[in-house]
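User: I've got a model open and would like to go through it with you. Let me put it up.

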Amino acid sequence: MTDANPIRISTVLEWKLSAAQRLPTELSSLANIIETDVEAANREVQNSRDFFDSAAGDAMRSRFEVDRRNALATVDAVDSMAAPVREVASQFDTATATIRDTVRKIEASEYQLFYKDDGQVLSRKSLMDWIDDNVLTGLTKSLSVERTRRAYQSALQGALNDIWTADFLYNGKIGLVLENLPESVREALISIPTDPELARILRENQVAASDTTVVFPSGDLLDKIRMFAPEFEPRAMSKEEAAALVDLATSSVDGPFKLMEFYAIQDEAKTAAASAFPNLSEKENEQSLSDGHSDAFRHAYWNARMTQEFGPEWTSTFASAHEMNGSNPAAREAMDLYNNQLGRAIGAQNSDASPEELQQKVLEAINNNQAIVIQNSPDGGQIAFSNSVLPGKNAILPGGGIPMPGGK
């Protein structure tokens, strides 16, 4: 799940979670198999002194000991994944059951209710329609319709948020596990572009996973936001991302309004990205919004607008913290961080530009080969400059991946 493509009711209703429920057992079994094979190989190597007692033999055994330690560290990582997988599978199962049950109740409701893919619940009849049907009982019934509608909507959107939060927390935990892999193991598992400039971009545009995830906002700040947006839901994020938002919200007397402006800009960027390449088909546009040109536009435009409103320093701090969710594939992390930086430069150079003018500047940069997208490669996907891939023809990376060594 990404910011550009939030989880939807239709997606959840298609889920079959049996594989996820089996995965923890399979991970533990795999860890045991690898450990058994490694230790069997170790015995053979140590026994080689009987017939390979020389400087070359000692060098071979020393090299094997390094490989053995790396293999056992990998075993520990595989085994450590079982617990968070089990936890997130259970949370997904509970939230999915809530959604299925609520959908059944909506479809059976006498109030002519229906749900939308984002969890909104509506009635096919307005409150006035219910009153017009029967003046004596219509008002009471209309109030009952509204209470029921709100309850079902809260259940659906709450379950969707629970799924998003569980997924975010899971990614953070897996990211920390993977970052404990030896650097040599990670380097062997990550494909590096042959182009020296792209290889530099991949290596330099990385951040370390946060060690703590929090839910933001909460308390008085959440209450203030809900005065203007009653259905606003807090989200899980890294402690560094939350700290940046707290700093924004407390930076001045109008801090809460700055935070509301931040959320408005976030929505503005998503909306603008969805229509940035109008010549794409619906399927191509969906592809482009995940690791493609529209995704690059969203990151660059979002950072450009934040730079205009909140300055490049705060925007840089926040945008880097936003990527600390853990287990992000190295190529996606490099793409996002690079396009963020591109957007901040555009915002700083065009501080007085209107949103429409800024969108045009971002599009010009993408069309001038200045942005990064993901292209197809033998290993499934790699970073490329924006003119190397046609819009809507990019590759989409999996949700998680091995982090690069040495993330900032």
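User: How does the lining of the second largest pocket divide by class?

Analyst: Nine nonpolar, six polar and one charged residues make up that lining. Here Ala, Val, Leu, Ile, Met, Phe, Trp, Tyr, Cys and Pro count as nonpolar, Asp, Glu, Lys and Arg as charged, and the others, Gly among them, as polar. Keep in mind that this is a predicted model: local features need pLDDT of at least 70 and side-chain atom pairs count only at pLDDT 80 or more, while totals for chains, interfaces and linings use all residues. Residues are numbered from 1 along each chain as its sequence is written, and side-chain values use heavy atoms, with hydrogens and water left out.

User: What's the volume of that second largest pocket?

Analyst: About 280 Å³. Of the 16 residues that line the second largest pocket, Leu189, Pro329, Asp379, Gly381 and Leu397 are the closest to its centre. On a 1 Å grid over the protein atoms alone, a pocket is an open set of points with protein on both sides within 12 Å along at least five of seven lines, a cavity is a set where a 1.4 Å probe fits but cannot get out, and lining residues have an atom within 4 Å of a point. Points are joined across faces, edges and corners, and the volume is the space filled by probe spheres set on them.

User: And how many cavities of 30 Å³ or more turn up?

Analyst: Two, from a search of the whole structure. The second largest cavity has a volume of about 30 Å³.

User: Which residues line the second largest cavity?

Analyst: Pro84, Glu87, Val88, Gln91, Ala166, Leu169, Tyr170 and Lys173. The elements giving two or more residues to that lining are α4 (82–108) and α6 (135–179); helices (H or I, at least four residues) and strands (E, at least two) are DSSP runs numbered from the N terminus. By class, the cavity lining has five nonpolar, one polar and two charged residues.

User: Stay on α4. How far does it reach from its first C-alpha to its last?

Analyst: α4 has 27 residues and reaches 39 Å, close to the 39 Å expected at 1.5 Å a residue. The expected span is 1.5 Å times one less than the number of residues.

User: Which residues of α4 are buried?

Analyst: They are Ala82, Pro84, Val85, Val88, Ala89, Phe92, Ala95, Thr96, Ile99, Thr102, Val103 and Ile106. Buried means under 20% relative accessible area, exposed over 50%, and partly exposed in between (1.4 Å probe, protein chains only). As background, an α-helix has 3.6 residues a turn, so residues three or four places apart point the same way.

User: What about α15, how many of its residues are buried?

Analyst: 16 of the 20, so α15 counts as mostly covered. Helix α15 covers residues 330–349 and reaches 29 Å, close to the 28 Å expected.

User: Now the backbone. Which peptide bond is cis?

Analyst: The one from Phe216 to Pro217, with omega near -5 degrees. Pro217 lies in the loop between β3 (213–216) and α9 (219–228). Most residues other than glycine have a negative phi, and most peptide bonds are trans.

User: Where is Gln112 found, and what's its phi?

Analyst: Gln112 is in the loop between α4 and β1 (113–115), and its phi is near 55 degrees, a positive value in a non-glycine residue. Asp291 also has a positive phi, near 70 degrees, and is found in the loop between α12 (282–288) and α13 (293–310).

User: Asp291, buried or exposed?

Analyst: Buried, at 2% relative accessibility. Gln112 is partly exposed at 36%.

User: Switching to Ala371: which residues does it touch?

Analyst: Leaving out residues up to four places away in sequence, Ala371 touches Ala296, Asn339, Leu342, Ala365, Ile366, Ala384, Phe385 and Ser386. Contact means heavy atoms within 4.5 Å. Ala371 lies in the loop between α16 (355–367) and β5 (372–375) and is buried, with a relative accessible area of 1%.

User: Last one, the whole chain. How many helices and strands?

Analyst: The protein chain has 16 helices and six strands. Of its 408 residues, 46% count as buried. Its C-alpha atoms fill a box of roughly 100 × 50 × 45 Å along the principal axes.
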